[in-house]
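Reader: Please show me the structure, and then let us go through some of its features one at a time.

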Amino acid sequence: THFGFKTVAADDKVSMVANVFHSVAAKYDLMNDLMSLGIHRLWKRFTIDCSGVRPGQQVLDLAGGTGDITALFSKRVGPTGKVVLADINASMLSVGRDKLRDLGLVNNIDYVQANAEALPFADASFDIVSIGFGLRNVTDKDAALRSIFRVLKPGGRLLVLEFSKPEQQWLSKVYDLYSFKLLPAMGQLVANDKESYQYLAESIRMHPDQDTLKAMMESAGFAEVSYHNLTGGIVALHRGYKF
Ligand code: SAM
């Protein structure tokens, strides 16, 4: 049946995403710095600055992986606040935990293995949810957005940092060349893993553009949804509120 086919396809995506992140976990941070020339650090800092985070708040860093965004939030919420780093992948979580411990960030961070589509938290638990370069990997994005909406407190906000659609056609062309040619080659050279980086390039191409993602957030219940293009729209930061 059609339904049966859809289920199989979804299962395939889940196990493929799992394999990709198991195999890239150890080299993930190095590859991020190489692939973005370090610019991902600026995108992440911008995300924190747009979050309105205050000391004492409860933050969920979803698909938090190796914990860059968690680290930034951890410093901002301080000892009276808390950051939960949630990720579906045990390998990414354990690389993240080791890294944050080495940075001396230990007191206000929890680690939870969880699927964004069905979050294991009570309703209205968080002031802020962030998902950085994660939504693109989630099979049922609408279910994830609804689940995030549920765990936010009224007045809380969601920040989605994700690859998006370049604003200019020339940039789009350069970027396609980069992601379909150079990126897999770099993945092969540095991580001995061409396929994972091919998957990353394809998943970026398939991801909804700025206005589509905005509409998806609105359908899940978010209000005052807006986005800000970064690096010419290669990346966009979307923000929406739960009222
Ligand atoms: N947020 C980190 C960053 O910006 O560096 C990590 C981003 S990494 C590209 C994407 C992460 O999403 C991986 O760690 C992966 O395991 C996680 N992920 C994929 N599907 C997920 C899901 N359904 N629920 C939670 N996390 C998921």
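Reader: In which helix is W43 found?
Author: This is a predicted model, and the helices are numbered from the N terminus. In that numbering, W43 is found in helix α3.

Reader: Is W43 buried or exposed?
Author: A residue counts as buried under 20% relative accessible area and as exposed over 50%. W43 has 8% relative accessibility, so W43 counts as buried.

Reader: What distance separates the C-alpha atoms of W43 and E195?
Author: Along the chain, W43 and E195 are 152 residues apart.

Reader: Is L37 buried or exposed?
Author: L37 is found in the loop between α2 and α3. L37 is not a glycine, although its phi is positive, at about 55°. The cut-off for exposed is over 50% relative accessible area. L37 has 73%, and therefore L37 is exposed.

Reader: What is the phi of A63, and how is A63 classed by accessible area?
Author: A63 sits in the loop between β1 (58–62) and α4. A63 is not a glycine, yet it has a positive phi of about 50°. Its relative accessible area is 27%, which lies between the limits of 20% and 50%, so A63 is partly exposed.

Reader: Which residues come nearest to the ligand?
Author: There are 19 residues around the ligand.

Reader: How much of the accessible area of the ligand does the protein cover?
Author: A nitrogen atom of the ligand is 2.9 Å from a polar backbone atom of A116, and a backbone N or O atom of G132 lies 2.9 Å from a ligand nitrogen. The side chain of K44 has an N or O atom 3.0 Å from an oxygen atom of the ligand. On its own the ligand has 600 Å² of accessible area, and the part of this that the protein covers is 97%.

Reader: Which backbone atom does the side chain of N89 reach?
Author: N89 is placed in the loop between β2 (82–87) and α5 (90–102). At 4% relative accessibility, N89 counts as buried. Its side chain reaches, at 3.2 Å, the backbone nitrogen of M92.

Reader: Which helices each supply at least two residues of the lining of the second largest pocket?
Author: The lining includes D29 and D33, H40 and R41, and D68 and A71. By their ranges, the helices that each supply at least two lining residues are α2 (28–36), α3 (39–49) and α4 (68–77).

Reader: How many residues of the lining of the second largest pocket are charged, and what is the volume of the pocket?
Author: K44, R45, K75 and K99 are among the lining residues. The lining divides into three nonpolar, one polar and eight charged residues. The second largest pocket has a volume of about 280 Å³.

How values were computed:
Residues are numbered from 1 along each chain as its sequence is written. This is a predicted model: local features need pLDDT of at least 70, side-chain atom pairs count only at pLDDT 80 or more; totals for chains, interfaces and linings use all residues. Side-chain values use heavy atoms; hydrogens and water are left out. On a 1 Å grid over the protein atoms alone, a cavity is a set of points where a 1.4 Å probe fits but cannot get out, and a pocket is an open set with protein on both sides within 12 Å along at least five of seven lines; lining residues have an atom within 4 Å of a point. Grid points are joined across faces, edges and corners, and a volume is the space filled by probe spheres set on the points. Helices (H or I, at least four residues) and strands (E, at least two) are DSSP runs, numbered from the N terminus. Ala, Val, Leu, Ile, Met, Phe, Trp, Tyr, Cys and Pro count as nonpolar, Asp, Glu, Lys and Arg as charged, and the others, Gly among them, as polar. A residue is near a molecule or strand if one of its heavy atoms lies within 4 Å of it. A polar contact is a pair of N or O atoms within 3.5 Å; within protein, one must be able to donate a hydrogen and the other to accept it, and residues adjacent in sequence count only if both atoms are side-chain atoms. Accessible areas come from the Shrake-Rupley method with a 1.4 Å probe; for residues, only the protein chains shown count as cover. Buried means under 20% relative accessible area, exposed over 50%, partly exposed in between (1.4 Å probe, protein chains only).
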